[in-house]
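Hi,

Here is the structure for you to look over. My notes on its salt bridges follow.

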Amino acid sequence: MKTKDFRQMTNEELNEKLKSLKVELFNLRFSHATGGLKNPVALNTTKKDIAKVKTILRERELNADKR
């Protein structure tokens, strides 16, 4: 997902997306460990999406404190 798409989401939607991404990462790691992962790039993509969501949430938190 693009960062622009994440920025259009509300904080509640971002938190839900973060939870689902963490579950997805867990499942991907499990599949990788058992040798059933077809696309290993999905691990890195999911990690980067988690980082994007966390960064946007933190930016919003810091901007709310300044106001």
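**Salt bridges**

Lys19 and Glu16 sit three residues apart in helix α2 (residues 11-34), so about one helical turn separates them. Helices here are DSSP runs of H or I, at least four residues long, numbered from the N terminus.

The model is predicted: local features need pLDDT of at least 70, side-chain atom pairs count only at pLDDT 80 or more, and totals for chains, interfaces and linings use all residues. Residues are numbered from 1 along each chain as its sequence is written, and side-chain values use heavy atoms, with hydrogens and water left out.

Lys19 and Glu16 form a salt bridge, with the closest N and O atoms 3.9 Å apart. The term means a side-chain nitrogen of Lys or Arg within 4 Å of a carboxyl oxygen of Asp or Glu. That rule gives four salt bridges. Lys19 is exposed, at 53% relative accessibility. The cut-offs are under 20% relative accessible area for buried, over 50% for exposed, and partly exposed in between (1.4 Å probe, protein chains only).

Now to helix α3 (residues 41-66), where Asp49 and Lys52 lie three residues apart, about one turn of the helix. They form a salt bridge, with closest N and O atoms 3.9 Å apart. Asp49 is buried at 10% relative accessibility. Lys52 is partly exposed at 27%.

Arg58 and Glu61 are also in helix α3, three residues and about one helical turn apart. Their salt bridge has its closest N and O atoms at 2.7 Å. Arg58 is partly exposed, at 42% relative accessibility. Glu61 is partly exposed, with a relative accessible area of 43%.

Best wishes

Methods: Helix = DSSP H or I, 4+ residues; strand = E, 2+ residues; numbered from the N terminus.
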